[in-house]
Amino acid sequence: MDKPLANLLDPATLLGWGQTVGLKVVAGVATFFVGRWIAGQLVRLLERGMKRAGVEPTLASFLGNVSYGLMLAVVVISALGQLGVNTTSAAALMGGAGVAVGLSLKDQLSAFASGAMLIVFRPFKVGDFIDAGGTTGTVEEIRIVATVMRTPNNQQVTVPNDKIWGSTITNYNAKLTRRIDLPVGISYDADMKKAKTIVGEIIAADERILGDPVPWIGITDLGDSAVVMTVRPWVKTADYWQVRADLIEEIKTRFDAQDIGIPYPQMDVHMHSS
């Protein structure tokens, strides 16, 4: 038998090799499980700290998951190092795999990153009525990749966060008060001062309309068939739509009673005989 092969098959050599490999395997497995346990404990401490600091729960969970993933990657590389694997090559392999996964999931990662931005900067919160990503509705849930909204006609719409973050966001509930801009057309032969007085009385009688800022009433345009009077009272955001609807109804009722015409587009045809 070849001498090097005989040495390799020597019981003492095999025993020594087995002990060495066994120790490496035990060390690698122990490193993995202990490291994973430590990573879990650190993430729990991090999440508790963020909770005490008042961080948004969704953001806290997101940061916790990211931190756990990064720490677990370090643990895996350390465990492979205990097994005798070249950790430099392992790290490069994991990095290459990460790049490949990132390229294949770039749209999902974009929505993921946009969700993190929405959670951090909070341009809106659950319960707000917004216009964003081509959808108008009430925010029901802010997920890490998408936002769930309920439209005024009670449809549930799920909008990817990258569509929302990449567009203009209008939050109608961001402020406690809103201004109603209500154009009212009156006929050219109507008494403008009388019309303004009537509207002023309607505004003064409505307790939902705020006194500060002071409501404004003025003539803003001379249209083709009407003099346009604009009414601009301030109300609480929650009262906006109902007050606006009530104002339109009351103005129409009072104008009809006071013979102030509200014209509609029309054409007068004059016939001349030759």
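**View 1. Helix α8 against strands β7 and β9.** In this predicted model, helix α8, spanning residues 240–257, lies across β7 and β9. The helix runs at about 15° to β7.

**View 2. Helix α7 against the three strands.** Helix α7 comprises residues 192–205 and lies across β7, β8 and β9. Relative to β9, helix α7 runs at about 20°.

**View 3. The open sheet β7-β9-β8.** Three strands, in the order β7-β9-β8, form an open sheet with antiparallel pairing. Strands β7 (182–186) and β8 (216–222) stand at the edges; each has a single partner strand, so one side of each is left without a neighbour in the sheet. From one strand to the next, the twist averages 30°.

**View 4. Pairing of β8 with β9.** Strand β9 covers residues 227–232 and pairs with β8 in the antiparallel sense. Six bridges make up this pairing.

View 5. V34 is found in helix α2, which spans residues 11–52. The relative accessible area of V34 is 47%, so this residue is classed as partly exposed, a class that lies between the limits of 20% for buried and 50% for exposed residues.

How values were computed:
Residues numbered from 1 in each chain as written. Predicted model: local features only at pLDDT ≥ 70, side-chain atom pairs only at ≥ 80, totals over all residues. Heavy atoms only, no water. Pairing = 2+ DSSP bridges. Helix = DSSP H or I, 4+ residues; strand = E, 2+ residues; numbered from the N terminus. Axes fitted to C-alpha atoms, helices over the stretch in contact; angles between N-to-C directions. Contact = heavy atoms within 4.5 Å. Buried < 20%, exposed > 50% of the residue type's maximum accessible area, 1.4 Å probe, protein only.
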